[in-house]
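Here is a model to talk through together, with the terms spelled out as we go.

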Amino acid sequence: MNLIPTLTADDAGRALNASLEAARTAGVAVTIAIVDAAGAMLALIRMDGARAYTVDLATRKARTAAAIGVGTAVLATLYAGKTPPADMMTMPGGVPVLSERQTAGAIGVSGATTERDEAIAAAGLAVLVPA
């Protein structure tokens with residue numbers, strides 16, 4: 001039997017708190033979405049001041065990273081100038097959470113620059129998968 005690792009609610013809470021702290025430190029208002037290995041939502045927060053459409057973008061970034069198992073920044077490079085498959089988000093800000101080389105979930109962030117979104121997602125990832 002092959003068991004697939006997946007994020008827990010506690011994992012999502014820790015990642016959410018770390019990402020929120022990174023956003024506050026950067027002085028930006030973003031939406032943060034955290035999904036499990038199947039792409040099901042574990043945590044979602046839209047900070048005061050974050051635009052409503054960022055909920056959809058952050059969610060799609062997280063689900064894309066979980067489904068594909070690579071960051072959306074990588075996909076942005078691969079699909080530059082091309083049309084990606086439907087529902088695939090190819091903007092930086094989505095990072096997969098890997099455990100034993102398998103995707104356990106993902107974090108998606110939207111609302112700041114793509115570089116800042118990526119850094120905020122990375123802050124959440126760092127508490128789950130220390131370097």
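Q: What pattern does the protein chain follow when read along the sequence?
A: In this predicted model, the protein chain reads α-β-β-α-α-β-β-α. Helices here are DSSP runs of H or I with at least four residues, strands are runs of E with at least two, and both are numbered from the N terminus. The secondary structure comes to four helices and four strands.

Q: Why is the protein chain called as compact as a globular protein of its length?
A: The radius of gyration is taken over C-alpha atoms, and the globule rule is 2.2 Å times the number of residues to the power 0.38. For 131 residues that rule gives 14 Å, and the protein chain has 13 Å, which is close, so it is as compact as a globular protein of that length.

A quick word on the ground rules: residues are numbered from 1 along each chain as its sequence is written, and side-chain values use heavy atoms, with hydrogens and water left out. Because the model is predicted, local features need pLDDT of at least 70 and side-chain atom pairs count only at pLDDT 80 or more, while totals for chains, interfaces and linings use all residues.

Q: How do you know that β3 and β4 pair?
A: Two strands pair if DSSP finds at least two bridges between them. β3 and β4 (residues 102-110) have six bridges, in the antiparallel sense, so by that definition they pair. Val-95 has Ile-107 in β4 as its bridge partner, and Leu-98 stands opposite Thr-103 in β4.

Q: What makes β2 and β3 the edge strands?
A: The open sheet has the order β2-β1-β4-β3, with antiparallel pairing. β2 (41-46) and β3 (94-99) each pair on one side only.

Q: Why is α1 called oblique to α4?
A: The axes of α1 (residues 9-26) and α4 (residues 114-128) come within 8 Å and cross at roughly 140 degrees. Angles under 35 degrees count as roughly parallel, over 145 as roughly antiparallel, 65 to 115 as roughly perpendicular and the rest as oblique. That makes α1 oblique to α4.
The angles run from 0 to 180 degrees between N-to-C directions, with axes fitted to C-alpha atoms, for helices over the stretch in contact.

Q: Which residues of α1 and α4 meet?
A: Contact means heavy atoms within 4.5 Å. Among those that meet are Ala-15, Ala-18 and Ala-22 in α1, and Ile-120, Gly-124 and Val-127 in α4.
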